[in-house]
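I shall present one structure and ask you to follow along as I speak.

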Amino acid sequence: MKLVVENLTVKLQSREILRDVTFKVESGEVVSLLGPNGSGKSTMLRTIFGILKPIKGVVLYDGKALNSISEASKVFGYLPQENPEIGLKVLDVVLLGRTPYLSGIKRAKKKDIEIALKALEDVGLKGFENRKFNELSGGEKQKVMIARVFAQEPKVMLLDEPTAHLDISAQIEILEIVRRKVRDGCSALIAMHDINLASSFSDKILMIKNGKIVYAGTPDEVISEETIRDVYDAEVIVKRHGSRVYVIPKRKTSENGVRVHIICGGGSGRDLIYMLSDRGYKISAGVLNVLDSDWETVVEVGGEVVSEAPFTEISDESHAKNLEMIEKADFVVLTNLSIGKGNLKNLYAAKYASKLRKLIVIEKTSFKSRNFVGVEAEKIYDEVVRGSIVVGSEKDAIRILDRERYANN
């Protein structure tokens with residue numbers, strides 16, 4: 001069973017919001033709608049649900065047109081952008097999702113209450129049924145609204161910005177809840193702003209510009225620097241690691257031709273990376289786990305980075321690439337990073353840079369306080385500092401780099 005949208009055209013007042021939109025959502029799929037504000041994402045969901053009427057085109061589910069909201073609400077579970085501020089109990093809010101199935105006096109039966117309680121359990125809010133909705137946190141309110149959608153027992157969930165105004169932890173939790181529900185047998189069409197979240201949780205992406213779908217496919221097929229420039233008029237850097245796609249805003253800088261390689265991690269290189277970028281240094285870094293804060297910063301400024309998969313130890317292959325980066329660099333900086341088993345090879349890389357007489361070490365705190373490996377790392381670090389220039393801050397490192405750069409010009 002699948003949702004089919006064919007040649008959908010919608011006008012609001014005199015303005016055409018959607019134009020000849022055609023796509024499909026298969027059962028068991030999460031499909032995200034991406035596009036700037038005003039591109040037609042919300043209008044698309046409202047039209048599919050039946051709140052808005054198209055001037056042309058048709059919405060079909062399992063080959064049949066749905067001719068009323070009462071029919072559509074037994075197929076589609078719709079979550080609007082904004083939550084209502086109501087003083088109802090949580091259970092009563094969720095029971096609103098059973099409205100399409102109630103008859104006569106519209107009173108919930110035992111079965112409806114059981115379904116609503118199960119929906120609350122599915123979103124992690126078991127025991128919240130007697131709490132007041134307007135006393136909940138933003139993330140809890142959103143879970144209640146999703147539970148209301150679940151209580152409808154929809155075939156397709158239509159979710160309009162379900163992670164808006166939530167912190168990153170709550171955003172991920174909400175989308176994981178939705179993903180679990182899809183695995184149980186329905187599908188989801190989600191309007192989103194966050195491209196990285198959409199690429200992480202979606203099977204397909206539909207990119208909308210001026211009311212038309214201009215790109216459609218898997219995240220890997222659709223998300224690129226060119227498509228984002230076209231749709232959002234924004235300059236970004238798109239990085240791929242394995243099957244994952246990551247989008248980082250691009251900073252505009254001019255280069256002075258001097259290359260600095262930074263051995264960092266866990267945010268220890270962030271300030272230095274920005275300072276070097278602002279001065280026009282060509283930056284590389286590694287080895288960094290994908291989505292490490294320093295990894296994101298290097299990508300943001302347009303630098304090269306030797307990447308490793310998240311939460312994994314540095315491989316021999318990545319270590320070898322790191323040594324190649326060090327050889328290419330004019331200078332290398334070892335930041336005040338902590339050393340554990342996972343990144344111990346970065347300390348060996350610093351030792352290699354010190355032998356090449358191009359290493360600056362930033363030592364803000366004693367290495368002992370940052371050493372989580374033991375004697376092996378301590379011995380390597382002692383060799384590193386013996387062959388390096390040791391400074392106490394990023395500013396000191398910058399002063400040395402600027403002095404050497406101008407001396408060689």
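Contact, as I use the word, means heavy atoms within 4.5 Å. Helices (H or I, at least four residues) and strands (E, at least two) are DSSP runs, numbered from the N terminus. The model is predicted: local features need pLDDT of at least 70, side-chain atom pairs count only at pLDDT 80 or more, and totals for chains, interfaces and linings use all residues. Residues are numbered from 1 along each chain as its sequence is written, and side-chain values use heavy atoms, with hydrogens and water left out.

I begin with the sheet. Two strands pair if DSSP finds at least two bridges between them. Six strands form an open sheet with parallel pairing, in the order 15-14-13-16-17-18. Strand 15 (304–308) and strand 18 (389–391) each have a single partner strand, so one side of each lacks a neighbour in the sheet. Strand 14 (residues 282–289) runs parallel to strand 15 and is joined to it by four bridges; Ala285 has Val305 of strand 15 as its bridge partner.

Helix 15 (residues 375–386) lies across strand 16 (331–334), strand 17 (359–362) and strand 18, at about 120 degrees to strand 17. Axes here are lines fitted to C-alpha atoms, for helices over the stretch in contact, and angles run from 0 to 180 degrees between N-to-C directions.

Finally, the cysteines. How many disulfides does the structure hold? There are zero, a disulfide being a pair of cysteine sulfur atoms within 2.5 Å. Cys186 is buried at 5% relative accessible area, and Cys264 is buried at 2%. Buried means under 20% relative accessible area (1.4 Å probe, protein chains only).

Terms used: Buried < 20%, exposed > 50% of the residue type's maximum accessible area, 1.4 Å probe, protein only.
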